[in-house]
Amino acid sequence: MAFLSVDQQWELISRGAEEILPEEELRQKLEKSRKSETPLNVKLGCDPSCPDLHVGHGVVLRKLRHFQDLGHQAILVIGDFTAMIGDPSGRNKTRPQLTLEETKANAKSYIAQAGLILDIDTLKIVYNSDWLDAMNFSDVIRLSSHYTIARMLERDDFTKRYQSETPISIHEFMYPLAQGMDSVELKADVELGGTDQKFNLLVGRNLQREYDQDPQVIITLPLLEGTDGNEKMSKSYGNDIGLTDKPEDMYGKSMSISDEMIEKYFILAIDADADTVSKVKKQLQDSSVNPRDVKRALGRAIVKLYHGEEASLAAEQHFDQVIVNKDAPEEMDEIILDSDTLIIDIITENELTKSKGEARRLVKQGAVRIDNEKISDMNFVLNPGKEVIVKVGKRKFLRVK
RNA sequence: GGGGAGAUGGCCGAGCGGUUAAAGGCAGCAGACUGUAAAUCUGCCGACGAAUGUCUACGGAGGUUCGAAUCCUUCUCUCCCCA
C-alpha cells in the first residue's frame with residue numbers, strides 16, 4: 001500500500017503522545033519506509049500477568065492501531081517469559097509468578113480484548129519466551145555486560161527505592177535488559193509505551209546499538225489516571241474502566257471522573273481529534289456548558305467505542321434512571337426467598353456487602369432501603385412471598401421474591 | 001567476614017510488660033450537600049454475634065510471666081556502616 005506523506009503520518013502519530021525520542025530519527029525512518037515501501041516494525045510489549053484490560057491500556061493500544069492504519073507492521077510482544085518468572089522474591093504483588101497455563105490463558109484473553117482496538121488480521125503476535133527461554137547463562141552474562149549499574153540506577157523507581165532503602169534484587173535489573181532483547185530480536189523501528197516505560201524503552205534502544213542495529217525510536221504516552229483522578233488507572237487500585245465492563249458500568253465510571261480529567265480523557269481515552277478537544281477545552285473554561293454535560297458526551301463516546309452507539313444510549317438512560325432519578329434499574333440480580341431471613345444475611349450472602357459487620361454498619365447508617373424505605377432495624381426480617389427491591393448504598397440492588 | 005538498625009492492620013507510621021482490636025495519617029465505605037465531579041461536614045472502617053462478649057491479628061517457631069506487639073532464644077527477611 002502507498003504510505004501517506006511524512007507530515008500526514010506525523011499528525012496522527014504525535015497525537016496525544018508525550019514524547020517521541022528522537023523526533024528527527026522517526027522522520028527519517030518514515031521517509032525511508034515510504035521510499036522503499038517497507039512498513040516500520042512497531043513494537044508494543046504487554047504483561048500477561050493480569051487478564052483484564054482497561055481504558056488505560058487502551059491509550060497505548062490505540063497508538064499502535066494508528067500505526068496499523070498508516071500501513072505499518074504492529075507487533076504485540078506477549079511478555080510470557082517474564083510473567084512466568086514473576087518476582088521470585090514474591091515481594092512485588094503486581095508481578096506474581098504464573099504457571100504456563102495461566103500465562104497462556106491471560107495472553108489469550110489479552111489478545112481477545114486488544115482485538116477490540118487493534119486490527120488482529122495484520123497484527124503480528126510474538127511470545128518473548130521464544131527467544132528469552134533459549135538463552136543460557138553465558139548469553140545472559142554477555143547481555144548484562146552491555147549495561148552498567150550506574151545506568152540502571154538512573155531509572156526512576158530504582159533511584160527512589162535505593163534512596164528510601166527498600167530492597168532491589170539483582171534480577172530486577174534483568175527485566176529492562178530482557179525487554180531490550182525483545183527489540184533486538186524483532187529489529188524494532190519504534191517501541192511504544194507509557195511514560196513509566198521510558199527507561200526500559202531507552203534500554204532497548206541502547207542495546208540495539210550494542211548489537212549493531214539501527215536503534216528504535218521510542219514513543220511514550222501519558223499515563224491515564226483512573227476514575228479517582230489520582231493514581232494511574234489500575235485494576236488493583238479499583239479505579240479502572242475495564243474494556244469488558246458492562247455498558248452501564250463503563251458509563252457510570254466515566255461520569256465519576258473529576259472535572260480536571262475530562263480533557264485528558266477526551267484526548268487519551270477516545271482519541272478525540274484536535275477540533276473536538278479544543279471545543280471541549282473552551283466549554284470547560286468559559287462554563288457555557290455544565291461540565292456534567294461534557295462528561296455525559298465523554299461517557300457516551302467511551303461506551304460507543306467498545307459497545308456501539310445503541311449500548312451507549314441505553315447506558316445513559318440507565319444512568320439517568322438509577323442515579324439521577326434514583327429509581328431502581330429494570331435489570332438486577334434476583335433471588336427467591338424460601339424462608340424468613342434477616343436482611344443482614346440477605347445482603348451479605350448476595351455480596352452486596354463484604355461482611356456482616358459491614359452490613360450492620362450500613363443499616364446503622366441508613367444506607368439500606370427496602371422498596372425505597374429506609375430501614376434502621378438491625379434485626380429486620382424479610383418474609384418470602386412478596387417481591388421487594390433491596391437497595392444498598394447508591395447503586396447496589398437486589399430483587400427478592 | 002565484622003559492627004549497627006529494623007520487620008506493626010490495604011499502605012505509611014506510633015506504641016516498647018497490663019487501661020491496646022492496637023494512636024495518627026492516607027486509602028476505603030456510608031450519610032448530608034451535589035453534577036455518582038471537586039471541596040466540606042458527620043459516622044463507620046478485623047471476623048462473628050442483638051449484646052456484656054468470643055475468636056483472629058503486631059515477620060515465623062519456641063520460651064519467661066497471672067498477663068507479651070512490647071522481655072528472652074532461635075529462624076527468616078531487609079537496610080546502613082566497615083572490610
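Author: Let us begin with a term: a salt bridge is a side-chain nitrogen of Lys or Arg within 4 Å of a carboxyl oxygen of Asp or Glu. This is a predicted model, in which local features need pLDDT of at least 70 and side-chain atom pairs count only at pLDDT 80 or more, while totals for chains, interfaces and linings use all residues. Residues are numbered from 1 along each chain as its sequence is written, chains are lettered from A and ligands numbered from 1 in the order in which they are written, and side-chain values use heavy atoms, with hydrogens and water left out.

Reader: How many salt bridges does this rule give?

Author: The count comes to 23 salt bridges. Arg62 lies in helix H3 and Asp271 in the loop between helix H13 (259–268) and helix H14 (274–286), so this pair ties together parts that are 209 residues apart in sequence. Helices (H or I, at least four residues) and strands (E, at least two) are DSSP runs, numbered from the N terminus. In the salt bridge of Arg62 with Asp271, the closest N and O atoms are 3.0 Å apart.

Reader: Which domains does the assignment give for chain A?

Author: Domain bounds come from an automatic or database domain assignment. For chain A these are domain 1 (6–221), domain 2 (235–324) and domain 3 (333–400).

Reader: What area do domain 1 and domain 2 bury between them?

Author: The size of an interface is often given as the accessible area lost when the parts come together. Buried area here is the accessible area (1.4 Å probe) that two parts lose on being put together, summed over both. Domain 1 and domain 2 bury about 1400 Å² between them, with 63% of it on carbon and sulfur atoms. On the side of domain 1, His54, Val55 and Arg62 lose the most area to domain 2, together 41% of what that side buries. Between these two domains the count is one salt bridge. Helix H3 (residues 55–69) gives the most to the side of domain 1 that touches domain 2, with five residues.

Reader: What is the strand order of the open sheet?

Author: Strands of a sheet pair through backbone hydrogen bonds, either parallel or antiparallel. Two strands pair here if DSSP finds at least two bridges between them. The open sheet of five strands runs E7-E13-E12-E9-E10, with mixed pairing. Strand E7 (334–335) and strand E10 (373–374) stand at the edges, each with a single partner strand, so one side of each is left without a neighbour in the sheet. Strand E9 (residues 368–370) pairs with E10 in the antiparallel sense over two bridges. Glu373 in E10 is the bridge partner of Ile370.
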